[in-house]
Amino acid sequence: MFIRNFDQLAITPQRKIVLQLIEEALSSIQSENVINREVKVENNKLTIMDKTFDLSSFNRVFLIGFGKGSAKNSKLIEEELGDRLTEGYVIDLPANATHNALLAGTNPETFSKIQSTQGTHPLPSSENVEFTDNLIKRFKELILTEKDLILIVVCGGGSAMLVHPYRISLDEKIKVGKALLESGADIIEMNTIRQHLSTVKGGGLAEILYPAHIASLIFSDVPGNNLSYIASGPTVKDNTTIDDAINLLKKYNLLDQLGLKREDFSENPKEDKYFENVSNILILSNVTALDAMKKKAEELGYKTEILSDKFEADAKVAGKELIAKTNPQPILLIGGETTVKVKGHGAGGRNQALVLSAILDIDDKTVISSFDSDGWDNSHFAGAIGDINTVSKAKGMNLNPQEFLDNDNSLEFFEKIGDGIETGRLPSNVSDLMIVLKY
């Protein structure tokens, strides 16, 4: 069971149904299920979904992994490849490495040919920069040719972990990252800016690894699954420009605040030759989780609708909007990513903010939940669940939900109420998922 406090939260039959759907969603996106289903090696041929690579055509096979969950995915691919793998490098969060190892029944250090690094997220660090520097140096030393195949595991959070600033310092990069996270910008806007401050994003990694053949296994955490923006599209040809990035910074009044100048930005590679031998394969998205929840809900006898897999809105108004959209079907399922423009001084994440805002007007026939699929909603809660019981507990404790919302302090509210969802960090990430149940 993924939800550690399942029994504590399941105080009504309706809440239990919502929590069962969350369990189904999380199970469907875990590495074992995905890799075992989509990656096969048979008769010296590697098949990734509907793409096949003849391993006998390559002299060397390498693996690179970065982002949340990349360690476990890389470990499973390494096991599938066996002796065919030459060497590999992966960076993931420490908690993910540990959790992945427990799931695999192994120790995180038991990679056979892959060197593992513990990185940081959501902000970059010296560890992330050092990993990327060493990666670039190593693959330049290898003198790559078209007889080399490089498998790249691209996971959510990769923008922070694969870091090689074009001109600005690491401290400046961290400052930019923090400002973007608090600005209210969506993931597409943030990653457009990040692409032009880096030499490895926006197709930059493909240029570095040219002329080798590349197969990127992409685990999407971006609503709509635009490959250019998942981990900032390191192997995807970018169609944006420096002007696009600068205009977005101006939109959020950040250009002057951050002290950035035009010469700090890089134009990403546009030449077709860098991408001719690149296969970008979307191997997982929130559609998998949404479909799994829908199937489970229907097995339980509930009429269910998937509203969208790319829902975007201000978290502080999204909950009320979703509740309004839940007629006449009893259950509404949503995937996407909301945003929060931080104005207060509290703690919490966008999923908790969404549920907190929703309970301000919730009736006694509705349950709503929003959660981050990697188990970490900018805090130790994956998200929250809310209904009239949440409201009643708040009144009994003399807590004003609006005050907590205004101070961006959803974490403290749900800690006091006891309606935060606890899973711990999980080794897979397909952005956020939301459920509304009416009864």
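Tutor: We go through a sheet, a helix on it, and the nonpolar cores. Keep in mind that this is a predicted model.

Student: In what order do the 6 strands of the open sheet lie?

Tutor: Strands of a sheet pair through backbone hydrogen bonds, either parallel or antiparallel. Here the order is S10-S11-S15-S12-S13-S14, with mixed pairing. S10 (304-311) and S14 (420-421) are the edge strands, each pairing on one side only.

Student: How many bridges join S12 to S15?

Tutor: There are 7, between residues 366-372 of S12 and residues 432-438 of S15. These two strands run antiparallel. Thr 366 has Lys 438 in S15 as its bridge partner.

Student: Which strands does helix H15 touch?

Tutor: H15 (residues 350-358) packs on the sheet and touches S12, S13 (383-386) and S15. Its direction makes about 165° with that of S12.

Student: Why is H15 described as largely enclosed by the rest of the structure?

Tutor: Because 8 of its 9 residues are buried. Among them are Asn 351, Gln 352, Leu 354 and Ser 357. The buried residues of H15 pack against helices H14, H17 and H18, as well as S12, S13 and S15.

Student: Now the cores. Which residues touch the most other members of the largest one?

Tutor: In soluble globular proteins, nonpolar side chains tend to be buried together. The largest nonpolar core here has 57 residues, and Ile 22, Leu 46, Ile 48, Leu 151, Phe 219 and Ile 435 touch the most other members. Helix H2 (residues 13-28) gives the largest share, 7 residues. A second, separate core of 51 residues includes Tyr 89 and Leu 209.

Note on methods:
Residues numbered from 1 in each chain as written. Predicted model: local features only at pLDDT ≥ 70, side-chain atom pairs only at ≥ 80, totals over all residues. Heavy atoms only, no water. Pairing = 2+ DSSP bridges. Helix = DSSP H or I, 4+ residues; strand = E, 2+ residues; numbered from the N terminus. Contact = heavy atoms within 4.5 Å. Axes fitted to C-alpha atoms, helices over the stretch in contact; angles between N-to-C directions. Core = buried A, V, L, I, M, F, W, Y, C linked by side-chain atoms within 4.5 Å. Buried < 20%, exposed > 50% of the residue type's maximum accessible area, 1.4 Å probe, protein only.
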